[in-house]
Amino acid sequence: MSLKYLKIMEEIKLGLATGSLIAGGKLPSVRRLSQHFSCSKNTVIKAYSELEKEHLIYSVPKSGYYVVAEFQHRTNENEVIDFLSAGPDKNVMPYLEFQHCINQAIEHYKEELFTYSDQQGSYSLRVQLVKHLQNLQVFTQAERLVVVSGSQQALHLLVSMPFPNGKNNILIEQPTYFGFIESLTLHQATAFGIELSMKGIDLDRLEYIFRNNDIKFFYIIPRFHNPLGHCYTNFEKKKIVELAEKYDVYIVEDDFLGDLDPDAKSDPLFSFNPSGRVIYIKSFSKIFLPGLRIAAVVLPSLMNSNFLRYKFSSDFNSSALSQGALEIYLKSGMFTSHLKKIKEVYHTKMQTLVEACDSLLPAHTHFSKPTSGFYLSISLPEHVTAKQIVHMLNEQHIYVDDASRFFLPEYKRDTLLRLSISQVNTNTIKRGIEQLAQCITLIDDRNDDRKNHPIPNNLFLL
Ligand SMILES: Cc1ncc(COP(=O)(O)O)c(C=O)c1O
């Protein structure tokens, strides 16, 4: 059978994503589609049965095929607007293509995929990863690279590991990814914070902390920061690496969304010192399939064997099945075309969100303006708390994230919201921001009223 069925599937998925096919709606008959695509009825049946396997459509005997309810793109008032979920957009996950890769991997590697495997990661996958990292200006060798079970594993292990500089404390941006804060807390590690705003960090302050606080490493998310959506300039990245070199501090660079960067000139910190000062971590969870639990870490040669000891005691090795299938997906070029598609999707969604915030949010509300990535953050006016906004919006089925868990206790702020574009339907972004703007104004006005008309003290005595 030709691969035309993939084209039919793609067309139907597009209809689902754009809302032209609605929940419960009947799909065209097999005969009509076969005429439309000039293909056999079997090809259409194959496309429909694959979509059924993906739970996007279902069949009713003697009636036809229908769209599954969950994929309804309602434009009515009750539609859920999800700025909360942070997994990749389900509509662009390449399930079917990847299923082929899993089958091919099993055929090729057979039982090797179902037993213990190389604790550093399969060599042939590492070779593919080295090639992929070159697109991100990370030039390294398979020997320096370790495959880990998600970047969270690498972060967790690095917190507990001794480093060649013999230092003890960890520096983090404030705010930062809460999964890393959890690792710090569980390990009872001593952590210092440096404030990161939408304008960046204070480099003089960074130097002061590096000089005085026995910093083992600085954990940094340089592109499309979680939760802020902030990106550093190349100048800042270079400067940070220079300071790290000067004060013998390591950098742990979490480039989780680097692949989405539309700016081809933007470089990772790693590229400013590839010799080992920067430990580079590449997750596949946001741009690909998080369930694979595969990420890559590039380590300084002198840390490699110790890192492997820590990894071994944590899980022996990362899933060989995931590794085998990912290797084939990378090697076949499918990953490159997937990346091209998702770069476009997330860039467009983010642009829509930034434009909506620009035109609709009250003047004294500040927000980041990322060019892509998953997150945009909103700094609320004083006395309007994230909790209040989350609560009010929830009642309207609009979900946003209170970012207070991204702070160490001494930096805690309750006026930061994180909006994720990964799962939100583009058509609903504007309405979501309109409602958000109304909530901010309402709470702000209420606060002003209280200030202008204070409740007389003696009222409490009544
Ligand atoms: C900034 C950042 N780093 C790392 C991770 C962990 O990703 P994974 O372990 O799935 O690669 C996440 C997950 O959300 C994240 O947001």
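I began with a count: the protein has 14 helices and 15 strands (DSSP runs numbered from the N terminus, H or I of at least four residues for helices, E of at least two for strands). Its radius of gyration is 25 Å, close to the 23 Å of the globule rule for 462 residues, so the protein is as compact as a globular protein of that length. That radius is taken over C-alpha atoms, and the rule is 2.2 Å times the number of residues to the power 0.38.

A caution to myself: this is a predicted model, where local features need pLDDT of at least 70, side-chain atom pairs count only at pLDDT 80 or more, and totals for chains, interfaces and linings use all residues. Residues are numbered from 1 along each chain as its sequence is written, and side-chain values use heavy atoms, with hydrogens and water left out.

Next I looked up burial: 54% of the 462 residues are buried (under 20% relative accessible area, with exposed over 50% and partly exposed in between, 1.4 Å probe, protein chains only).

Inside it, strand 9 (278-283) and strand 10 (295-298) pair antiparallel over 4 bridges, and Lys282 has Ala296 of strand 10 as its bridge partner.

Last stop: Phe316, in the loop between helix 10 (301-315) and helix 11 (320-331). Phe316 is partly exposed, at 36% relative accessible area.

Notes. Two strands pair if DSSP finds at least two bridges between them.
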